[in-house]
Amino acid sequence: MRFAVIVFPGSNCDIDMYHAIEDVLKEPVDYVWHDDADLSSYDCILLPGGFSYGDYLRAGAIARFSRIMQEIEKAADQGKLILGVCNGFQILLEAGLLPGAMQRNENLQFICSTESLIIENNQTPFTAEYALREEIRIPIAHGEGNYYCDEQTLKELQQNSQIVFRYKNNPNGSVDDIAGIINKRGNVLGMMPHPERAISDLLGSPDGKKLFQSILKYWRER
Ligand SMILES: NC(=O)CC[C@H](N)C(=O)O
C-alpha cells in the first residue's frame with residue numbers, strides 16, 4: 001500500500017506522519033510537495049498538521065487553493081482513502097471535502113494537551129481496529145479546533161454515523177464534542193487530534209497505532 005504525505009509551506013507534522021507510516025506499517029511512503037500534480041500511484045493520501053501559509057486569513061484557507069487539491073478531490077472521487085489531521089482537517093473543510101468549518105478555540109488560546117477521545121464509529125476504514133466506544137488518549141495542539149456546523153448538517157452527521165471521534169472533555173468548544181468526522185461515502189476522514197504523535201509508549205501513548213493499522217487492514221481486505 002502506497003502512502004503520500006502532502007507537504008505545504010508551513011506543514012510541521014509531515015515528518016511525524018511519514019515516520020508513523022514507516023514505523024507502524026512499514027509500507028512505502030513519500031513526501032509530495034503541494035505544487036505537484038500527480039497522486040495516481042498512491043492508495044492513501046495524508047494531509048498532516050501545521051500552519052500552512054502561516055494560517056493567514058483562516059487555517060487552511062490558502063492551502064485549499066494549492067494545485068494538489070484538484071488531485072486530492074480526484075482521489076476522493078475515486079474512493080481512495082484521505083486522512084487530514086489538524087491543519088489537514090482544516091484544509092479538507094476549506095476545500096469542501098468535509099462539511100462544516102473551524103473557529104478559534106472557545107478560550108481563544110492555543111491548546112496543547114493530551115485528550116481522551118471516544119470511538120463513536122468503528123465501522124470505517126480508519127477505525128475498524130478499535131472497539132466501539134473505546135476510550136483512547138491522543139494529543140491535540142491547535143488554536144482553531146472549535147468545529148462548527150449548522151443544525152441541519154449536525155443532524156445529518158449524527159444520523160449517518162459520520163461523527164467518528166468525540167472528546168470526553170471538550171477542550172475547544174466544538175459542537176457536539178466533535179473531534180473527527182468522516183464524509184458520507186466513508187473514505188475521507190478529518191480529525192483535530194494527532195494520531196501520528198501517539199504511536200508508542202515513549203511518545204506518551206500508543207493509541208494512534210490502531211488508526212494506521214485499520215487503514216492497512218481495510219486496503220488488504222477490500
Ligand atoms: N498542529 C497543527 O496542525 C496546528 C493547527 C492549526 N494551524 C491551528 O493552530 O489551528
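## Basis of the model

Because the model is predicted, local features are given only where pLDDT is at least 70 and side-chain atom pairs count only at pLDDT 80 or more, whereas totals for chains, interfaces and linings use all residues. Residues are numbered from 1 along each chain as its sequence is written.

## Overall fold

The chain has 5 helices and 11 strands, where helices (H or I, at least four residues) and strands (E, at least two) are DSSP runs numbered from the N terminus. Its C-alpha atoms fill a box of roughly 40 × 40 × 35 Å along the principal axes.

Of the 222 residues, 49% are buried, a residue being buried if 20 or more other C-beta atoms, placed from the backbone, lie within 10 Å of its own, exposed if 12 or fewer do, and partly exposed in between. Among contacts with a separation of 6 or more, 75% join residues 24 or more positions apart, a contact meaning that two C-beta atoms, placed from the backbone, lie within 7 Å.

## Helix α1 and the residue after it

Helix α1 (residues 14–25) has 12 residues, which at 1.5 Å a residue should span 16 Å, and its end C-alpha atoms are 16 Å apart, in agreement with that expectation; the expected span is 1.5 Å times one less than the number of residues. Its buried residues are Asp14, Met17, Ala20, Ile21 and Val24. Seen down the axis of α1, these buried residues fall within an arc of 130°, so they line one face of the helix, the arc being that of the directions from the helix axis to the C-beta atoms. The elements that cover them include β1 (3–7), β2 (29–33), β3 (44–47) and α5 (209–221).

Lys26 lies in the loop between α1 and β2, and has a positive phi of about 55° although it is not a glycine. Most residues other than glycine have a negative phi. With 9 C-beta neighbours inside 10 Å, Lys26 counts as exposed.

Asp55 is partly exposed, with 19 other C-beta atoms within 10 Å.

Ala76 is found in helix α2 and is buried, with 20 other C-beta atoms within 10 Å. Leaving aside residues up to four places away in sequence, Ala76 touches Ile82, Leu97, Asn187 and Val188.

## Helix α3

In helix α3 (residues 87–94), 8 of the 8 residues are buried, so the helix is largely enclosed by the rest of the structure. What covers these residues includes β3, β4 (81–85), β5 (101–103) and β11 (188–191). The helix is followed by Gly96, whose phi is positive, near 80°.

## Ligand shell

Of the 13 residues around the ligand, Gly49, Cys86, Asn87, Gly143 and Glu144 come nearest, a residue being near if its C-beta atom, placed from the backbone, lies within 6 Å of the molecule. By class, the shell has 5 nonpolar, 6 polar and 2 charged residues, with Ala, Val, Leu, Ile, Met, Phe, Trp, Tyr, Cys and Pro counted as nonpolar, Asp, Glu, Lys and Arg as charged, and the others, Gly among them, as polar.
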